Amino acid sequence: MSRRPLIKFFRRKDSIDWLSAASFIVAMVLLSIFILGPILIVFVGAFKGETGWGFENFHRYWAVPSMRKGLWNALKAGAITTFFTSLIGLPTAYIMTRYRFPGYRLFKVLLTLPLIMPPFIGAFSMVVMLGRNGMVTNFLRDLLGFKLIEGFVRPSLMSVVFVQTTHLWPLIYLNTSASLSKIDPSLEEGARNLGASGLQLFSRITFPLALPGYMAGAFLTFVWSLSDIGSPLMLSFGNYAPSQAFWELVRVEGVVEYASVICVILTLISIASLILLNRFVGLKEYATVRVGAASSTIVKRAGRWLSAGICTLLLAVIVLSTLPHVGTFIIAFAELPRYGSWVLQGLNLEGWMKVLGRVETQHLMINSLLYASLAAMIDVVLGALIGYILVRKRFAGKSVLDIISVMPLAVPGVVIALGYLFLFSPRLPGTTFRLSSFWFILVIAYSMRRLPYSVRSSHAVLQQIHVSLEEAAQNLGATRLWTLLKITFPLMSAGLIAGGTMSFITAFTEVSTSLMVQPLHGPFGVHARPITLGIYCEIQRGAGGYAPAGALGVIQIVTAALCFYLVNRVVGRKGELSIGVG
Amino acid sequence: MVDVRVENVTKLFEDVVAADDITLKIEEGRFFTLLGPSGCGKTTILRIIAGFTKQDKGNIYFGEKLMNDVPPHQRNTGMVFQTYALWPHMKIFDNIGFGLNFHKTLKKEKERRVYEVLRLTGLEGLERRFPSQLSGGQQQRVALARAIVIEPQVLLLDEPLSNLDAKLRIQMRTEIKRIQKRLAITTIYVTHDQEEALSISDEIAILDKGAVQQIGTPREIYEEPHNSFVAGFIGLTNFLRGRISEIDETELSATVSTIEGLEIKAKLKADEDWRKGLNVIASIRPEAIIIHKHGSATSGVNRIDGSVGVAGYLGNRVRYEIETIWGDTLRVDIYNPRHQYIFKEGENVSMLFDSEDVTLIKIE
């Protein structure tokens, strides 16, 4: 492009300066390479057959019955999981936004806990707890004579759904509550005044108003389920599209094209459902990190019996969905029961000794801390920049930036992972190492997958910062850059911290790219692995690796919980932190 | 201190004309007000002067210096925002002192300047607080202090009092005027409140639909409105449409025959060109009219008969809405009603007014 049209492009609408123009170009280039690029290359891989471009790969893929079954299963699991998570998430959201009862604050913390499920080991511990020889299964049989035939969690689709549901329902809860607490009380009072009450009030007024949040949560749940590799693998449930993609990639005789085809189909499904959803809610609602104004909705103090009922209900939900956490702690710290029994055989710290005693497992923690921190930093800087341009500047091409920056939310993680693997497969000149085997590619992948959160959070915070706060600074003699550094960014800090922490936590427990973009074959070999890959490798070793995997899982849980706690301490005063995680 | 000139400034937002070929000259040290209904373009002009909005056409001068391409932060204007725009993460001292960081000569004596302004605005002792810990009136003072501490060439105020309650608003406008006089700083003030504008300004520009309707002192604006918009916007008035049927050169007065068949005598402004047959609007302020019981008035000149529609008691005055026989409603204010008879609704009355209180406005 020559110089002139470029200037015209930016001058078309007012108030675009060169600082913003430069940031826009930088952001667009980065996002094109690291978000669009990987997605496109997966599509290329899927449509490029041996004889040329076309649907050849798709035909071959479709001819394999297990593949068809896997796709169908993933779709079914997505739908059923979304249904069950709604069943738990919606009432919880309503209760938590409308009622106050003893232990409210504690519940509020506990209810987000299921989201911090350590990958692999979380699903695996469900087998240990509820499997055919699970502790809870044996306990129920011995004490109550109650028999869970062949265990509740077994290699079946419903078990995959069960594990996903216990993990993902807070997505619905958090996003719906965000919407619910934003509803102007007078809207409901108005309906009440006109005679509406009870279920009618909820179904005609309250729920429709909360729909954007609920839809966002439901969509995130659906996409997450569509790209779940961990649960099917751990439950040994083979025919599940995303894990099939992973399998075809790592299997010796695997057909890599199948992986591409699966990814393309999954992407199309998720984009189709997004378009369907978009008729109800804007893209922007999909990730809500809300910091600021406390709820102004009608809040009722629950009476004694209602409180008791609510607490019982919530406790049941929490107990069920923290089983993976409890299981992880048990695997990490205890000698598991003998076959057919439920009694722990005592303390066992062997897993910890192995994890802390070996250099390569020590590195796991340091690596993941480093990778996740770097990714979070990239997200904060890039998110603040993009958020700023989107909110404060008006120019053509803005909507393109907007769409690309939220794309990772709508595209299953497994797609991005595969894309990174393809895009960075060329070898580094002068070495035998592929680009993708360097750990910083993993960092970039982490940061891009979680970028929507920081973009959205800085977007939301910026909209609450009145422009005149920036204009006042310029009026008094501050340059644009100075204004940005002294006024805008400090005012955005709460949102930036929230978004950054979210990036950190999710990068720390990320599965798809950690598993597929393997720095294992890079120059640092086994010493560059992220913690998630470490857990997977440990479990693959069989019985001897369970305890170390558990220990690593505990480290993930504790780190993530600590981050949640700290962020709430820092920004909590100014409001609450509620997050949709994808 | 400088004078400010706005020359032929035009600004369009999409298709809406926010400023239509506006020319203003604000003398050095004067308190100049841009007054008009919402959407008239007054804030746009202020923002063009501050440099936040760029005009499509026209020039802005501070003194002899053309400001068109000077970015906002180099214009040396002090602006008070409608929302105050106090930075919530900075203490009052840092809010006020912020601008001094960019003025080399002032940087050295930052502390002294800040305390001086704190004293001037009556904010002593609050400098260690955060904006959220202050009342609305105090926040307003901080916004003003922050703008004047840098000793700007021009002080810009964008509806600074609109977020305060009525009592405080009156108190603060006196305060702003006092400080402005003391610093003798060229000031441009934007408001939609006509009483505020009349009480505070040296000069007022009335704007409507992006165009200047009239520029003048408060007295000129109120007493000699140039067109019906100004007459109707500033204060309340009664309009009667008609045509000049006779001109008395010696008395310098005219007789207007209204559409309703009334004869109204009006004094003429000497310096204007009046002709027989000219279409005019006669504007009569409510407070210029007195009312009598029907039949008791002797004079036939400038008399309109009607019946009382509404008699609204307002304490210091009674606001009558009198229905004329041709179906119009005229408003009449009778001040200090304490010892007067208050007419009842439905009573027949005669309204009388002096020919000197009739303002004629030409219709183009």
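Student: Which residues do ring pairs link into a cluster with Phe43(A)?
Tutor: Phe47(A), Phe55(A) and Phe58(A) join Phe43(A) in that cluster. Keep in mind that this is a predicted model.

Student: How many aromatic pairs are there over all chains?
Tutor: The search of the whole structure turns up 34. Take Phe47(A) and Phe55(A): their ring centres are 5.4 Å apart and the planes stand at 80 degrees, so the pair is edge-to-face.

Student: And Phe55(A), buried or exposed?
Tutor: Phe55(A) counts as exposed, at 51% relative accessibility. Phe47(A) is partly exposed, with 22%.

Student: What about Phe93(B) and Tyr115(B), how are those rings arranged?
Tutor: They make a tilted pair, 5.8 Å centre to centre with 50 degrees between the planes. Phe93(B) is in helix 2 (residues 92-97) of chain B and Tyr115(B) in helix 4 (residues 110-120) of chain B, so the pair ties together parts 22 residues apart in sequence. Phe93(B) is buried at 9% relative accessible area, while Tyr115(B) is partly exposed at 29%.

Student: Back to Phe58(A). Which residues of helix 3 of chain A are buried?
Tutor: In helix 3 (residues 56-63) of chain A, the buried ones are Asn57(A), Phe58(A) and Tyr61(A). Looking down the helix axis, they fall within an arc of 100 degrees, so they line one face of helix 3 of chain A. The face turned away from that buried side carries the exposed residues His59(A) and Ala63(A).

Student: What covers the buried residues of that helix?
Tutor: The cover includes helix 2 (18-47), strand 1 (48-49), helix 4 (65-98) and helix 13 (256-277), which belong to chain A.

Student: Switching to the cores. How many residues does the largest nonpolar core have?
Tutor: It has 112, and the residues with the most contacts inside it are Leu31(A), Ile386(A), Leu401(A), Tyr420(A) and Met448(A). Helix 17 (residues 359-392) of chain A gives the largest share of this core, 10 residues. Apart from it lies another core, of 81 residues, and Leu462(A), Phe93(B), Ala143(B) and Ile185(B) are among them.

Student: What does Tyr420(A) touch?
Tutor: Leaving out residues up to four places away in sequence, Tyr420(A) touches Phe34(A), Pro38(A), Ser436(A), Ile441(A), Ile444(A), Ala445(A), Met448(A) and Val517(A).

Student: OK, charges now. How many salt bridges over all chains?
Tutor: The count comes to 29. One of them joins Glu64(B) to Arg5(B), with the closest N and O atoms 3.8 Å apart. Glu64(B) lies in the loop between strand 4 (57-62) and strand 5 (65-66) of chain B, and Arg5(B) in strand 1 (residues 4-13) of chain B, so the pair ties together parts 59 residues apart in sequence. Glu64(B) is exposed, with 70% relative accessible area, whereas Arg5(B) is buried, with 16%.

Student: And Glu175(B) with Arg141(B), buried or exposed?
Tutor: Both are buried. Their side chains meet in a salt bridge at 2.6 Å, N to O.

Student: Which residues are linked in a network of salt bridges?
Tutor: Glu109(B), Arg112(B), Arg113(B), Glu116(B) and Glu151(B).

Student: Last one: what lies over the face of Trp274(B)?
Tutor: Lys362(B), at 5.0 Å from the ring centre. In chain A, the charged end of Arg68(A) sits over the ring of Trp62(A), 6.0 Å from its centre.

Terms used
Residues numbered from 1 in each chain as written. Chains lettered and ligands numbered in written order. Heavy atoms only, no water. Buried < 20%, exposed > 50% of the residue type's maximum accessible area, 1.4 Å probe, protein only. Helix = DSSP H or I, 4+ residues; strand = E, 2+ residues; numbered from the N terminus. Arc of directions from axis to C-beta. Contact = heavy atoms within 4.5 Å. Core = buried A, V, L, I, M, F, W, Y, C linked by side-chain atoms within 4.5 Å. Salt bridge = Lys/Arg side-chain N within 4 Å of Asp/Glu carboxyl O. Phe/Tyr/Trp six-rings, centres within 6.5 Å; stacked < 30°, edge-to-face > 60°. Lys NZ or Arg CZ within 6 Å of the ring centre and 35° of its normal.
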